[in-house]
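Welcome! Please take a moment to look over the sequence and the 3D view before reading the notes that follow.

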Amino acid sequence: MTATETRDDRPLTAGVMGWPVAHSKSPRLFGHWFARYGVPGTYAPLAVRAQDFETVYRALPKAGFRGVNVTIPHKEAALALADRATERARAIGAANMIRFDPDGILADNTDAYGFIESLRAGAPAWSCDLPALVLGAGGAARAVLHALVAEGVPAIRLANRTPAKAERLAEAFGPAVEPVDWERRGWASEGAGLLVNTTSLGMAGQPQLTMPLEGLAPGAAVLDIVYAPLETPLLAEARARGLTAVDGLGMLLHQARPAFHAWFGIDPEVDGALRDACLAP
Ligand code: NAP
């Protein structure tokens, strides 16, 4: 079904709420799909401070919005204030995609989906049989852990600078997740078939990530969810070692697909043209 075939006569309007939000690639991403699928839609960046979140959130359906993406710092509040939530949003403890239904606000989380789809696309040979090492225990790590547990990865080693946060996530996500010391992350990579960086280390303006890669299994996949810069030093080193490097832009592109479908009735494609549109200066 296309958007124009739906009986929904609201404007084709959506957006992204965050603070800050000016750097977001989502308006460009949705703009590309609007053009590609002939949808006369609008996708607005909505710069909203934490203290104004609830007021704006509740007002958007009255302004004709079909839904919004939600980013830092509103992901937990978006879940808490919704009338209904998907199982995956509740399990992750945060929402990044909201649909304004006639009977209330539905909160969903598509980050885990975006992560696993980008991993499948970027590292088709990756198999969930080997252990994985995840760096970081913030909001993004929760989505990554949810996806890896759902895939049945037997052992997920979780290293975080603040150990208590890794321990809390291990409790929340079950026995497959094992907290390991941040200082022992090199040791914890022994035999792993997947390394995922979910810390902000390596991002423009942040310190570099120091991570020895020699212990990873041959042909292991290394996914850095940082996407500014696109080619982080971690990915460059992984490539130089003949490992499969997957950048963080794929996760961002794939997490948007279910939103476009939920709001506009079209399942859009993630392809090279979309990546180019998002990367254009
Ligand atoms: P967050 O909740 O603030 O978590 C940040 C993580 O980075 C924590 O584990 C933190 O450790 C760690 N960290 C920060 N500075 C560190 C340092 N100097 N040394 C060691 N660890 C450090 O943030 P988030 O929402 O999870 O996002 C993390 C990154 O993922 C950001 O760069 C974000 O842009 C990116 N991201 C990308 C996508 C995508 O679609 N590609 C989606 C979501 C997020 P502590 O717990 O010890 O503070």
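**Around the ligand**

The ligand has 22 residues around it, and the closest are Ala140, Asn160, Arg161, Thr162 and Lys165. Keep in mind as you explore that this is a predicted model.

**Where the ligand sits**

- If you look for the ligand, you will find it in the largest pocket.
- Two elements each give two or more residues to the shell around the ligand: α6, covering residues 139-151, and α10, covering residues 249-264.

- Lysine 165 uses its side chain here: one of its N or O atoms is 2.7 Å from an oxygen atom of the ligand.
- Isoleucine 225 takes part through its backbone, where a polar atom lies 2.9 Å from a nitrogen atom of the ligand.
- Leucine 252 also brings in its backbone, with an N or O atom 3.4 Å from an oxygen atom of the ligand.
- On its own, the ligand has 920 Å² of accessible area, and the protein covers 78% of that.

**The loop between β1 and α1**

- Serine 24 belongs to the loop that runs between β1 (13-18) and α1 (26-37).
- Is serine 24 buried or exposed? Its relative accessible area is 19%, so serine 24 counts as buried, because the cut-off for buried is under 20%.
- The side chain of serine 24 comes to 3.1 Å from the backbone nitrogen of serine 26.
- Valine 21 is also in the loop between β1 and α1.
- With a relative accessible area of 6%, valine 21 is buried.
- How far apart are valine 21 and leucine 46 in space? Their C-alpha atoms are 6.9 Å apart, while 25 residues separate the two in sequence.

**A residue in helix α5**

- Phenylalanine 115 is part of helix α5, which spans residues 111-122.
- Phenylalanine 115 counts as buried because its relative accessibility is 0%.

Technical notes:
Residues are numbered from 1 along each chain as its sequence is written. This is a predicted model: local features need pLDDT of at least 70, side-chain atom pairs count only at pLDDT 80 or more; totals for chains, interfaces and linings use all residues. Side-chain values use heavy atoms; hydrogens and water are left out. A residue is near a molecule or strand if one of its heavy atoms lies within 4 Å of it. A polar contact is a pair of N or O atoms within 3.5 Å; within protein, one must be able to donate a hydrogen and the other to accept it, and residues adjacent in sequence count only if both atoms are side-chain atoms. Accessible areas come from the Shrake-Rupley method with a 1.4 Å probe; for residues, only the protein chains shown count as cover. On a 1 Å grid over the protein atoms alone, a cavity is a set of points where a 1.4 Å probe fits but cannot get out, and a pocket is an open set with protein on both sides within 12 Å along at least five of seven lines; lining residues have an atom within 4 Å of a point. A molecule sits in a cavity or pocket if more than half of its atoms lie within 2 Å of its grid points. Helices (H or I, at least four residues) and strands (E, at least two) are DSSP runs, numbered from the N terminus. Buried means under 20% relative accessible area, exposed over 50%, partly exposed in between (1.4 Å probe, protein chains only).
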